[in-house]
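Work through the following exercises with the model open. Each task is followed by a solution in steps.

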Amino acid sequence: MSEPTRHAGEPIRVRFGGLGGQGLVTLGAVLAEAGARSGLHVAASQAYGSRARGGATRADVILASEPIDFPHVHQADLLLVLAQEAYELYLPQVAPGGVVLADGFFVKLEERPGVRQHCLAATSAAMEQLGNKVAANFVMLGALLGFGRVVGEEAVGAAMRNLVNKRFLEVNRKAFELGCGLGARLREDTGLREGVGPWQRS
Amino acid sequence: MTRAMEHWLRVPHTAFCPGCGHGILMGALVRACDELALDRRQLLFVSGIGCAAWIPSPNIRADTLHTLHGRAVAYATGAKLANPKLTVIVVSGDGDLASIGGNHLIHAARRDVPLTVVCANNEIYGMTGGQTAPTTPLGALSATDPLGNRYRPFDLIALVKGAGARYAARWPVTQPRPLTDALKRAITTPGFAFVEAISPCPTQFGRRNRVDDVTKLYDQMAGTCVTREAARALSPAERARCLVIGEFIDE
Amino acid sequence: MPKDDSAVKGAQGAGPRPEPQVLMGNYAAAEGALAAGCGFYAGYPITPSSEIMEVLAERLPRQGGVFVQMEDEIASFAAVIGASWAGAKAMTATAGPGLSLMLEGIGYASFTETPLVLVDVQRAGPATGQATRVGSGDVLQVRYGAHGDTCPIALSPWSVQEMYDQVIRAFNLAERYRTPVFVLADEGVGHLRETVVLHRDFELVARVRGNDQPPFGHPDPDGVPPMPIFGDGANLMVTGSTHDAWGFRKVDDAEPHDLLVRRINRKILDHAEDICEVDGRFLDDAEVALVAYGFSGRSALAAVKALRRAGVKVGLLRLKTLWPFPARQVAELGKAVRRLVVPEMNLGQVGGVVRQHVRCDVELLGQVNGEVIEPEAIERKVREVLP
C-alpha cells in the first residue's frame, strides 16, 4: 500500500454518490454542519436530477481550514458511493491519490490506477443489524469518520440532532455508530495513520 | 337614496357610452355601500381592464386599485390577506374575470377568500371594439365572429358555485333593487361572494347584432331573464337560451 | 466563504452576534426576508427556488405575516402588489419560467411605484430548460423584460451570507425608491450550504406615508413620492394606466405620460451611486481584470488567486449590483486595465453591457451547459488573452 498522498491540514473534498432517495443531500448537510462545528470552513452542494427517486445524484462537501473561494467539487479526494450507476459516473472524477469507499452491496469495484478503493458492507450491515436498508447512508457517513476522521464525532452527533428528522434519528444514530466501527477496522487494515483533511483532534 | 352622491362619487360624469348599463350598476354599488354604512376608509375597490373596470376607478371615492387585464381578483387576494380589516370589492367585466382571469376567479372561490366579486356582464368585449367574450351567446354576432359565435357561453354562476363560492347571485341592471340587495348580501358574506350583473352594451353588442334601439336591447335582455322557479319548467334547450336570475346560496 | 471569515471567528459590529450556522442559500434568503420584516409572501412552487417559500410557509405566519400559495406566478406577483399597497413588506421568489410569467406585474409595479422584492434563483433556460441546473440567463430579462421604459434594481449574491444580506438590502431599496427590487441569485448560490451569520447589524428603511402630498409625482429632485396605503383614508387611485400626480388616469395626454415615464427612470438612475455596489480584488496593478457576478464571481476569485500565484497580474471586479448597471465603476476599470474578461453562465448578457461602457477589449466567456464555470476554464481564458 502506497503512502497517502494527502497531508493533514489541506482542504478535503468529499463526494457522496448514489441514487435519488438514498439521503445523500442529508449526509452532505450533516457533514458540512459537523465541519463547521469542528471549526472548519465548509461548503456543501448537490447535483440532482428532476426525479425525486432514482437517477444518479451527488452531494459534495469541502472541509477547509481557510475560507473557500470556489465552493464546488469537480475532483473529489474521497468518494463514498452507494450505487453502481453513481460509481461509474463519479469514479473518473476522483482526484489522483484519492480514496473510494463503496457499499459492496451495490457496487462492484473496477481497476483505476492511483485511486485506493475499498468495499464496505454498509447496506448488509444496516439490514442485518438494524433491519433498515435505508439507514445505509449513515453507515457510510460513519465509515468516513472511522476511516478518515475528517471532523469530530461529537460534532456529527450534534449536526444529526439538528438536521435529521426525529422519527429516524435513533436508527440513523445507530447506523452512524455501526459505520464508525466499519471505518475504523478499514483504517487499521490499511495502516492509515494520519487523519485525512484539515481537521485535527485537539 | 336620499344621500348626496358626492360622498361616494369622485367625478361629476363617467366615461360610459349612452345606454350603457354600467352606470346603473355603479349606482347600485354605492347604494349598497351606503345602506350598509360602510367605512370608506376601510373600503377598497379593485378592478381589471375593460369598461367595467372603470366603474370604481376613478369614479368611486374610496381606495381604488385599477390593475392589469384579468388579474383583479389576484391583486384583491393579496390586499385582503395582508389587511383583513379591509372590505374588498372587485368590479370587472366578463372578459376580464372569466376569460383571461378565469383561473384567478375559480381559485379565489376555492380558497374562500372574503372578497365580493362583481361581474358586469355585457356579453362582449366593449372597450376593445366588440369582440367575442366567453359569455357571448351562441350565434351572436361580434367583431371576431362575423358569422355568429360558434361556442357556448360560460354560466358564471355555475362556474363559481362549482369552485366553492359561498354566495352567488345574478340580476339584470333593469332590476336595481334586487341587484342592490344582492350586493349587500355579498359584501356581508364572510367568504367568497359573486354577483353577476347583466348590463347591456348598446354600442358594441346592440349595434353588431342589429338592435339599434337601446330600449329594445334592454327589453330583449329582460326577456331572456327568467327566475329560478320559471326555469324549472323549461326544457334544457330552452333554458340554455335564458339567463336564470336570482340568488344561488347553499343552504 | 471568502469575505466573511471574520464572521465565523466571532463577534463583529454592535451587540452580541448570533452564532454562525450552516445554511442553504435559499434558507438564508428566507431568513433575510424575516429579518427585514417581510409581512407577506405569495408564490408558486418552482425549482430551484422552492425552499424559500417552504421556509416562509412555516415561519412567516409564526411572526404574524401572511403566506399564500397562489395558482400561478402571475397571480403570485399580483397578490404581492396588492399586499404592498395594503401596507405589507411583500415578496415572492421564482426561477426563469416563473419570471417570464411575472413580467406584466413587474411593469405594473414599476409604473405604479410599488415596493416589493423578487428573489429569482436562476436555472438553465430558455423555456423549461434544465430545472435543477444552474444558469444566469435572466439578467437581461429582469432589466428589459417589461414593455415600456422601466428601471428596476437588481442585486447579485455570490454567497449564502449575501443571500441573507442582499434580501435585507432589497427590502430597504424597495421602500427607499418605491420600486420592485430583484435579488438575482442562481442555483449555485441558492442550493449552496455554507456558514452564515444571521446578524442584526442593519437598519430598516421605513415606508414614507402621508396623505397630503401627491402619491404619484414629486417635483423635488429626489423623485420618490410618499406612499399612503389602503386604509389610510387617502382615497388612493392606483392604476397601471398613465396617471397624474394624484392618480387620475391620463390615457390620451402627452405630457403626463412623458413626465411619469421619465421620473420613474430618473429616480433610480440619479441615485446609482447609492444603489450600485461593487467588490474589487487584486485590481491595483492588474493588467487584465475579470468582471463577474453571482456564483461565477466565486469561480473568478479562485482563478484570480491561482493566476496571481503564477505571477499573472489579474484582478476581479465583482458586481454586487447588476441594475442599475455600475457604469462608472466599470468605465474606470476599463481605463485602468488593458483587457476585460467576463465569465458568466449565459452567452454574454452582462459582457455585452460591459462593452457599452469601455473602450478596451472585452472577452466573453459564456457557458450554457447547466454547470457552474470552473476556475480552470477562466484561468485558461485569461492566459489566452494576456496582452
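**Exercise 1. Polar contacts and salt bridges**

Task: In this predicted model, how many residue pairs are in polar contact across the interface of chain B and chain C? Then find how many salt bridges cross that interface.

Solution: 
- Start with the polar contacts. The rule finds 17 residue pairs across the interface of chain B and chain C, both residues at pLDDT 80 or more.
- Turn to the salt bridges. The rule finds two between these chains.
- Take a case. Arg111(B) and Glu71(C) form a salt bridge through their side chains, at 2.5 Å from N to O.

**Exercise 2. The side of chain B**

Task: Which elements of chain B give two or more residues to the side that touches chain C? State the make-up of that side by class.

Solution: 
- List the elements. They are strand E2 (63-66), helix H2 (72-82) and helix H4 (102-111) of chain B.
- H2(B) gives the largest share, seven residues.
- Sort by class. The side of chain B that touches chain C holds 13 nonpolar, eleven polar and seven charged residues.

**Exercise 3. Extent of the interface**

Task: How many residues of chain B and of chain C are in contact, and what area do the two chains bury between them?

Solution: 
- Count residues. 31 residues of chain B contact 34 residues of chain C.
- Take the area. The size of an interface is often given as the accessible area lost when the parts come together.
- Here chain B and chain C bury about 2700 Å², with 58% of it on carbon and sulfur atoms.
- Locate the main losses in chain B. Asp63(B), His66(B) and Tyr75(B) lose the most area to chain C, together 20% of what that side buries.
- Two pairs of chains are in contact, and B and C share the most contacts. Chains A and B do not touch, and their nearest C-alpha atoms lie 27 Å apart.

**Exercise 4. Strands across the interface**

Task: In which sense do E2(B) and E10(C) pair? Say which residue stands opposite His66(B).

Solution: 
- Read the pairing. E2(B) and E10(C) run in the parallel sense, over three bridges.
- Find the partner. Thr239(C) in E10(C) stands opposite His66(B).

**Exercise 5. Asn235(C)**

Task: Is Asn235(C) buried or exposed?

Solution: 
- Apply the cut-off. Buried means under 20% relative accessible area. Asn235(C) has 19% relative accessibility, so Asn235(C) counts as buried.

Note on methods
Residues are numbered from 1 along each chain as its sequence is written. Chains are lettered from A and ligands numbered from 1 in the order in which they are written. This is a predicted model: local features need pLDDT of at least 70, side-chain atom pairs count only at pLDDT 80 or more; totals for chains, interfaces and linings use all residues. Side-chain values use heavy atoms; hydrogens and water are left out. Contact means heavy atoms within 4.5 Å. Buried means under 20% relative accessible area, exposed over 50%, partly exposed in between (1.4 Å probe, protein chains only). Buried area is the accessible area (1.4 Å probe) that two parts lose on being put together, summed over both. A salt bridge is a side-chain nitrogen of Lys or Arg within 4 Å of a carboxyl oxygen of Asp or Glu. A polar contact is a pair of N or O atoms within 3.5 Å; within protein, one must be able to donate a hydrogen and the other to accept it, and residues adjacent in sequence count only if both atoms are side-chain atoms. Helices (H or I, at least four residues) and strands (E, at least two) are DSSP runs, numbered from the N terminus. Ala, Val, Leu, Ile, Met, Phe, Trp, Tyr, Cys and Pro count as nonpolar, Asp, Glu, Lys and Arg as charged, and the others, Gly among them, as polar. Two strands pair if DSSP finds at least two bridges between them.
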